[in-house]
Amino acid sequence: MDERLKKESLLKKILKKPEFPPVLGAVVIFVIFFFLASGDMFSLEGSLSWIEQAALIGILAVGVCLLMIAGEFDLSIGSMIGFSGMMMAILIVEYKMNVSLAIILTFLVSMLIGFINGYLVIKTKLPSFIVTLGSLFILRGLTVALSRLLTNQTLVSGVNEYSSESWFAAFFGGETFTEVFSFLAKHQLITTYPDGTPVVSGIKMVIVWWIGLSILGVILLRLTKYGNWIYATGGDEQASKNMGVPTNKVKIALFMLTAFCASVFAACQVFDYGSADAQRGLLKEFEAIIAVVMGGALLTGGYGTVIGAFLGALIFGVVNIGISYTSIDSDYFRVFLGCMLLIAVIFSDSIRKKIMRQ
């Protein structure tokens with residue numbers, strides 16, 4: 001019988017899905033913490049705590065996932081977080097620039113840096129790992145040096161004094177669905193303080209950004225021609241070029257996207273905390289890559305999904321916050337994370353090899 005006419009079993013179809021390993025991983029992690037953690041972890045307040053942590057990594061993971069599918073890396077996004085945050089804070093606090101203008105200008109500068117990263121990778125033919133590793137140190141050094149030069153410190157606070165009335169800043173540092181939570185508190189459906197105000201007053205915008213960017217990423221990959229170009233670029237760049245795929249433009253655009261995601265992360269922190277720190281974003285580039293790899297993406301490109309990256313970030317958030325609800329020493333968080341990464345990679349690789357043998 002012709003191999004092309006053979007029907008695949010349901011199990012094989014499920015195993016072929018890139019989302020299968022992260023879905024299984026998420027289920028396992030939730031089961032583990034359901035039994036090990038205290039009940040408060042899964043209360044409304046506790047749940048939003050680890051969801052917020054997942055959202056921060058998840059925002060980065062969207063851009064990192066798409067870039068990795070295209071076969072490239074961006075190690076500068078952690079430094080971009082510190083750079084973008086300090087730029088916003090300095091422009092607003094030190095130079096009294098209009099908040100909306102400061103945000104827009106920061107995003108434009110960060111995306112320009114993303115463009116430069118992509119352009120250098122394309123023109124020099126150097127591995128993106130090397131190019132963006134250089135950018136990592138350049139941006140971190142500039143952030144510390146310029147903040148000390150302009151403000152004589154590496155922490156700029158007081159941002160909320162200037163941004164409290166800005167509707168644009170509220171898109172990053174505010175909360176939404178506050179009326180819903182007030183209604184629930186009024187009818188004693190959620191936990192409240194003695195004065196009747198809800199313990200959880202709303203859903204932070206960082207979560208909204210995470211969900212919104214993830215949805216856009218899924219649509220881009222699955223429903224647009226550009227998504228096919230991303231997969232083709234990471235799968236076989238030369239063959240894609242021969243077929244007319246603008247691989248260079250695809251890569252540059254994705255480097256700009258990772259810079260955009262890093263700036264969203266920075267803006268959410270700046271307007272939530274009311275300050276910027278030159279050291280923020282440290283190691284976030286690796287945490288985002290870990291989330292994406294746990295989400296089933298290949299380091300070699302051409303394979304992965306935004307849904308997988310979403311679940312990888314969720315696993316990261318549950319482990320990061322959940323470990324504090326257990327008797328396990330929180331110092332072991334990164335040990336646990338590293339083990340999860342190795343298990344996810346080994347499991348995904350074994351599943352793919354099993355499918356290829358069939």
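1. Contact, as used in this note, means heavy atoms within 4.5 Å. By that criterion, and not counting residues up to four places away in sequence, threonine 151 touches Ile90, Glu94 and Val156. The model is a predicted one, in which local features need pLDDT of at least 70 and side-chain atom pairs count only at pLDDT 80 or more, while totals for chains, interfaces and linings use all residues. Residues are numbered from 1 along each chain as its sequence is written, and side-chain values use heavy atoms, with hydrogens and water left out.

2. Threonine 151 belongs to helix H6 (residues 128-151); helices (H or I, at least four residues) are DSSP runs, numbered from the N terminus. With 12% relative accessibility, threonine 151 counts as buried, where buried means under 20% relative accessible area, exposed over 50%, and partly exposed in between (1.4 Å probe, protein chains only). A polar atom of the threonine 151 side chain lies 2.5 Å from the backbone oxygen of serine 147. The backbone oxygen of glutamine 153 is 2.9 Å from a polar atom of the side chain of threonine 151.

3. Helix H4 (residues 77-94) comprises 18 residues and reaches 25 Å from its first C-alpha to its last, close to the 26 Å expected at 1.5 Å a residue; the expected span is 1.5 Å times one less than the number of residues. H4 is mostly covered, with 17 of its 18 residues buried. Just after H4, lysine 96 adopts a positive phi of about 55°.

4. Helix H14 (residues 284-294) is likewise mostly covered, 10 of its 11 residues being buried. The buried residues of H14 include Lys284, Glu285 and Glu287, and also Ile289, Ile290, Val292, Val293 and Met294. Just after H14, glycine 296 takes a positive phi of about 100°.

5. The structure holds 16 aromatic pairs. Rings of Phe, Tyr and Trp (its six-membered ring) pair if their centres lie within 6.5 Å; planes under 30 degrees apart count as stacked, over 60 as edge-to-face and the rest as tilted. Phenylalanine 172 and tryptophan 209 form a stacked pair, 5.2 Å centre to centre with 10° between the planes. This pair links distant parts of the chain: phenylalanine 172 lies in helix H8 (residues 167-173) and tryptophan 209 in helix H10 (residues 205-223), 37 residues apart. Phenylalanine 172 is buried, at a relative accessible area of 5%, whereas tryptophan 209 is partly exposed, at 22%. Ring pairs join Phe107, Trp167, Phe168, Phe171, Phe172, Trp209 and Phe260 into a cluster.

6. A search of the whole structure finds zero disulfides, a disulfide being a pair of cysteine sulfur atoms within 2.5 Å. For cysteine 261, which is in no disulfide, the nearest cysteine sulfur is that of cysteine 65, 11 Å away. Cysteine 261 is buried, with a relative accessible area of 0%. Cysteine 339 is partly exposed, with a relative accessible area of 40%.

7. Isoleucine 307 is located in helix H15 (residues 306-322) and is partly exposed, with a relative accessible area of 32%. Not counting residues up to four places away in sequence, isoleucine 307 touches Glu19, Val218 and Arg222. The C-alpha atoms of isoleucine 307 and tyrosine 226 are separated by 17 Å, the two residues being 81 residues apart along the chain.

Notes
Helix = DSSP H or I, 4+ residues; strand = E, 2+ residues; numbered from the N terminus. Polar contact = N/O pair within 3.5 Å; in protein donor to acceptor, adjacent residues only side chain to side chain.
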